[in-house]
Amino acid sequence: MRAIIALLVAAGALETTVELRGLGPEPFDGAFSAQYLAQKACGRRVAIKNLLMDQRIVAGIGNIYAAEILFRAGVRPTRRAGRLSRAELTRIAATVAPVLREAIGEGGTTFRSYRDSNGRPGSFAARLKVYGREGEPCYTCSTPIRNVVVGQRASFYCPRCQK
Ligand SMILES: [Zn+2]
């Protein structure tokens, strides 16, 4: 699994350099669960997107994947982690592994740096629901996708699908 994390790092999904021993559980690890996420979110004022991207909480979630996870979970990236309901945290926790698996299956998201073993760029980018789609219609409800800055990072979301 470290190899997969390395792949995601190589894909440019992870821009924060952290020591590996400081990383939280990996998304596919049994230790990462709704219960775990609820514990980490409890009382936290930080935006949920930043919590998800905190590598000490869970390893390997970069900006692109955080946006996609929150869209699929129906939660706005700006919401304070400590204010989310248990149901919302459960949806988020349940969405993390499928999104990352999909990304890995598609050879990562990027763009410039990542090429698969055949030299092709990753194709997950073609399946992004919100990331990089500011002003374009949401695939689910046709509302224009918005982009807000959260923790100095672009954060794409659908104002209708994400509460
Ligand atoms: Zn929508």
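A residue is called buried when its relative accessible area is under 20%. The exercises below concern a predicted model.

**Exercise 1. Overall architecture**

State how many helices and strands the protein has, and in which order they follow along the sequence.

*Solution.* Begin with the count: the secondary structure consists of five helices and two strands. Next, read these elements along the sequence, which gives the pattern α-α-α-α-α-β-β. Then turn to burial: 47% of the 163 residues count as buried. Finally, take the contacts between residues at least 6 apart in sequence; 58% of them join residues at least 24 apart.

**Exercise 2. Helix α2 and its cover**

Determine which residues of helix α2 are buried, and what covers them.

*Solution.* Locate the helix first: α2 spans residues 34–41. Within α2, apply the burial criterion; Ala-34, Tyr-36, Leu-37, Ala-38 and Ala-41 are buried. Residues three or four places apart in an α-helix point the same way, because there are 3.6 residues a turn. Now identify the cover of the buried residues, which includes α3 (48–53) and α5 (86–105). Last, inspect what follows α2: Gly-43 has a positive phi, near 75°.

**Exercise 3. Asp-54**

Decide whether Asp-54 is buried or exposed, and find which backbone atom its side chain reaches.

*Solution.* Compare its accessibility with the cut-off: Asp-54 counts as buried because its relative accessibility is 15%, and the limit is under 20%. Then follow the side chain of Asp-54, which reaches the backbone nitrogen of Arg-56 at 2.9 Å.

Key
Residues numbered from 1 in each chain as written. Predicted model: local features only at pLDDT ≥ 70, side-chain atom pairs only at ≥ 80, totals over all residues. Heavy atoms only, no water. Buried < 20%, exposed > 50% of the residue type's maximum accessible area, 1.4 Å probe, protein only. Helix = DSSP H or I, 4+ residues; strand = E, 2+ residues; numbered from the N terminus. Contact = heavy atoms within 4.5 Å. Polar contact = N/O pair within 3.5 Å; in protein donor to acceptor, adjacent residues only side chain to side chain.
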